[in-house]
Amino acid sequence: MKYFFLTAIIILLSVISTNAQEISMKTNTGKLVGFLKKNENADILFIIHPGSGPTDHNGNQVGMQNNSLLQLSESLYKEGYSTLAIDKRGVAKSIGAATKEEDLRFETYVNDLKDWISYAYDSLDYQKIVLIGHSEGSLISILAAQNNDQVMGLISISGAGMNALDILKVQLATQPEPMKTEMFQKLDSVKAGYELQNVNPMYYALFRPSVVPYMHSWFQYNPSEEIAKVTYKYKLIINGTADIQTGVEQATLLYNEEDDYS
């Protein structure tokens, strides 16, 4: 098995074009939408999954536009590949498929991506599919790739190697006591599956009752352990040296040296 490791700052300079075809899949709660850039001679399709929050298929949020994923898609297209960039359930063109926040689980996104893979394999006739997951989309792609014969490769961009609970603790470590202790206790309770009681309104952004089930499901996965379960020939890990949120050390956690020559 070849396992490629890359630490880099990615700068993708592309002329943004409008050659994407909007496609959709029906779900029980509404349609999921993706944007296909199809090269007629391409036999490889890259499915691009965006990161956390209300990030659309271009890598943008309201008031925060960088077109990072659009530039990535354009660059791959210009190199002769096909790409499918998707809007997550509840975001942008997939807003109609939104579920109630209390019903959302991390596995919801994983299952949606699996459905996109099957759609691309069966309906779009791509037998060589590579997943690209950015940020939170890295772990989603890792889980969707496990035991999936329809996927030939996996690319993680700015993906975390630590459990999300541990990352949040690192981010909250600078908070003053006793606030930090209280938040750490609540995070541990969420992971254990305990219902939070009497949540201070000042903590609602993180611990509001409707989001706790999603956090609990997310906390059950350790990316460095999950990526080891992906046994495909091609893996690529990309983390930027200037990334202030997900540094190079996270890439080293995802990297498994034993995969190089197995």
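Reader: Okay, how much space lies in the largest cavity?
Author: Keep in mind that this is a predicted model. The structure holds one cavity of 30 Å³ or more. The space in that largest cavity comes to about 50 Å³.

Reader: Which helix gives the largest share of the lining of the largest cavity?
Author: Look at who lines it: Leu 32, His 49, Ile 86, Asp 87, Lys 88, Arg 89, Tyr 109, Asp 112, Leu 113 and Trp 116. By class, that's five nonpolar, one polar and four charged residues. The largest share is four residues, and these come from residues 106-122, helix H2.

Reader: And the second largest pocket: which strands give two or more residues to its lining?
Author: This pocket holds about 200 Å³ of space. It has 13 lining residues, and the closest to its centre are Phe 46, Val 130, Ile 155, Tyr 234 and Leu 236. The lining splits into 11 nonpolar, one polar and one charged. The elements giving two or more residues are strands S4 (44-49), S7 (153-157) and S8 (234-239).

Reader: How do helices H4 and H5 run, roughly parallel or roughly antiparallel?
Author: Helix H4 (residues 164-172) packs with helix H5 (residues 179-192), their axes 11 Å apart and at an angle of about 175°. Angles over 145 degrees count as roughly antiparallel. So H4 is, relative to H5, roughly antiparallel.

Reader: How many residues in the contact of H4 with H5 are charged?
Author: On the H4 side you'll find Leu 165, Leu 168, Lys 169 and Leu 172, meeting Lys 180, Met 183, Phe 184, Leu 187, Asp 188 and Lys 191 in H5. Six of the contact residues are nonpolar, none are polar, and the charged ones number four.

Technical notes:
Residues are numbered from 1 along each chain as its sequence is written. This is a predicted model: local features need pLDDT of at least 70, side-chain atom pairs count only at pLDDT 80 or more; totals for chains, interfaces and linings use all residues. Side-chain values use heavy atoms; hydrogens and water are left out. On a 1 Å grid over the protein atoms alone, a cavity is a set of points where a 1.4 Å probe fits but cannot get out, and a pocket is an open set with protein on both sides within 12 Å along at least five of seven lines; lining residues have an atom within 4 Å of a point. Grid points are joined across faces, edges and corners, and a volume is the space filled by probe spheres set on the points. Ala, Val, Leu, Ile, Met, Phe, Trp, Tyr, Cys and Pro count as nonpolar, Asp, Glu, Lys and Arg as charged, and the others, Gly among them, as polar. Axes are lines fitted to C-alpha atoms, for helices over the stretch in contact, and angles run from 0 to 180 degrees between N-to-C directions. Angles under 35 degrees count as roughly parallel, over 145 as roughly antiparallel, 65 to 115 as roughly perpendicular and the rest as oblique. Contact means heavy atoms within 4.5 Å.
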